[in-house]
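Subject: The model you asked about

Hi,

Here is the structure I promised to send over. Please open it first, and then read my notes alongside it.

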Amino acid sequence: MKRVLLPLMALFVFLTGCSGNTSQSSGGITPDQVFSGGAVSIDGYEKPSNMIDISSQQLVTNIRIGWNAGRALESCSADLDGDGNVDFVPGAGQVPDDTFWGSSPLTEKYFKTLADSGINAVRLPITWREHIDPDGSINEAWLNRVQQVVNYAYDSGMYVIITMYHDGASDTDFGAWIRNASTDRNSVMKKYDRIWSQIAERFITYNERLLYESMNSVEFPDMEQDGAYELLNSLNQQFVNTIRMTGGNNLRRHLVISGYGADISETCDERFKMPEDLSNKCILSVHYYIPKTFCMDGIQDNWGSNAEKDWMDSRVELLRTNFVDNGIPVIISEYGAPSDSDESSRIYFCEKLTKLCRDNYISTFLWDDGSVLDRKSDEWKEPELLAALRRATSGNAYVPKKIPMTEGTSLTEPISEEFTDEQGATAD
């Protein structure tokens with residue numbers, strides 16, 4: 001590890017010492033003003049192309065509502081349900097793109113709608129595995145499309161996170177490859193380095209509003225636990241080293257580090273280590289899909305029992321005490337529930353988690369596959385959910401309550417703090 005970090009340190013000192021224009025102070029305008037969740041209304045001010053040097057915690061705090069543009073650029077020929085069969089098969093000559101799984105194309109208007117609605121950060125789940133050669137060279141047309149989508153969001157004033165998504169999935173028989181590191185570590189590391197080097201070089205001039213995320217929800221269940229943690233830690237360290245070695249704005253870029261399996265409890269294990277970073281700009285990423293029966297499987301319609309709320313409180317407290325209080329910023333990069341679940345439960349779940357995290361200096365990113373914001377019409381299908389997220393990130397002191405949805409019920413106005421316990425309670 002020291003052999004890798006020493007040349008990195010020399011490069012960092014040389015480039016930071018010789019490039020006084022890499023970072024600028026923004027002329028008295030605060031980082032929070034630079035990004036305001038929509039059109040910037042500061043007379044005579046233009047968004048800077050150079051980096052504004054803020055801490056990663058300040059950046060996380062600046063994020064108000066985070067969003068995932070799911071089931072778009074992540075689309076690939078994948079075995080999503082683990083039954084041994086590919087769920088989506090491309091036609092003759094077809095190359096998977098952001099419409100392959102049925103989404104409308106991601107457009108400039110889509111991201112403008114998000115930004116104008118108060119969403120100021122978007123995570124782009126991107127799968128690279130069907131757009132690379134065996135050595136990891138990325139197809140130019142795919143990289144151009146990724147950059148076009150990134151620009152839509154970036155030019156709307158949002159923070160943007162570029163990810164490496166189903167490359168780390170469990171369907172290694174159908175193209176996923178990161179988990180093969182358990183048996184072929186050197187080859188995977190070489191490919192991983194090659195892909196991230198190309199991405200970093202393509203986006204080297206973008207400012208601090210562009211972030212990279214090392215991988216998504218990777219674990220190594222075929223290894224003993226100590227070795228599995230060590231391998232994930234090594235991949236995350238390789239990610240940081242690779243990005244920093246490209247220089248330019250990537251020296252100070254904020255990097256998002258995937259926890260073990262993106263699981264909160266497993267990431268709070270002492271065997272998980274955040275990578276060393278001379279720039280001190282790393283952010284932990286985990287998911288919150290608890291309980292899975294409600295959030296993912298669709299077999300539990302309601303949420304809000306005392307046990308479920310207590311568990312949510314305890315997981316956020318774990319993140320606070322293990323990471324935030326120790327100077328490591330945290331985002332919950334995915335959370336949500338199916339659109340056909342009980343609406344009041346879904347809104348309550350999302351509002352409570354977002355408010356709880358916001359109060360603990362953690363930012364959250366809702367998973368949306370087009371069920372909340374329609375990508376064809378760019379109209380909100382669930383305005384009540386959007387209103388709940390705006391309420392949760394308003395900075396106002398209140399306790400989210402579950403409101404039974406009946407015909408004519410509207411959740412677009414703030415909940416009264418006089419709301420009674422009886423109205424907000426649910427049975428265990």
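Below is what I found in it, going from the whole chain to single residues.

First, the ground rules: this is a predicted model, in which local features need pLDDT of at least 70 and side-chain atom pairs count only at pLDDT 80 or more, while totals for chains, interfaces and linings use all residues. Residues are numbered from 1 along each chain as its sequence is written, and side-chain values use heavy atoms, with hydrogens and water left out.

**The whole chain**

The protein has 13 helices and ten strands (DSSP runs numbered from the N terminus, H or I of at least four residues for helices and E of at least two for strands). Of its 428 residues, 55% count as buried (under 20% relative accessible area; exposed is over 50%, and partly exposed is in between, with a 1.4 Å probe and protein chains only). Among contacts with a separation of 6 or more, 76% are between residues 24 or more positions apart (contact means heavy atoms within 4.5 Å).

**Helix H6**

**Aromatic rings**

There are 15 aromatic pairs in the structure (Phe, Tyr or Trp rings, the six-membered one for Trp, with centres within 6.5 Å; planes under 30 degrees apart are stacked, over 60 edge-to-face, and the rest tilted). Trp-67 and Trp-380 make an edge-to-face pair, 5.5 Å centre to centre with 90 degrees between the planes. The two are 313 residues apart, with Trp-67 in strand S3 (residues 66-69) and Trp-380 in the loop between strand S10 (363-368) and helix H12 (383-392). Trp-67 is buried at 0% relative accessibility, whereas Trp-380 is partly exposed at 21%.

Trp-196 and Phe-239 have ring centres 5.0 Å apart and planes at 65 degrees, so this pair is edge-to-face too. It links helix H6 (Trp-196) to helix H7 (Phe-239), 43 residues apart. Trp-196 is buried at 0% relative accessibility, and Phe-239 is buried at 0% as well. Elsewhere, Tyr-288, Phe-294, Trp-303, Tyr-348 and Phe-349 form one aromatic cluster.

**Ser-75 and some backbone details**

Ser-75 lies in the loop between S3 and helix H4 (108-116) and is buried, with a relative accessible area of 1%. Its side chain reaches the backbone oxygen of Ala-72 at 2.8 Å. Leaving out residues up to four places away in sequence, Ser-75 touches Pro-96, Asp-97, Asp-98, Phe-100 and Trp-101.

Most residues other than glycine have a negative phi, and most peptide bonds are trans. Arg-71, in the loop between S3 and H4, has a positive phi near 55 degrees. Ser-217, in the loop between S6 and H7, has a positive phi near 50 degrees. The peptide bond from Ile-290 to Pro-291 is cis, with omega near -5 degrees.

Happy browsing!

Conventions. A polar contact is a pair of N or O atoms within 3.5 Å; within protein, one must be able to donate a hydrogen and the other to accept it, and residues adjacent in sequence count only if both atoms are side-chain atoms.
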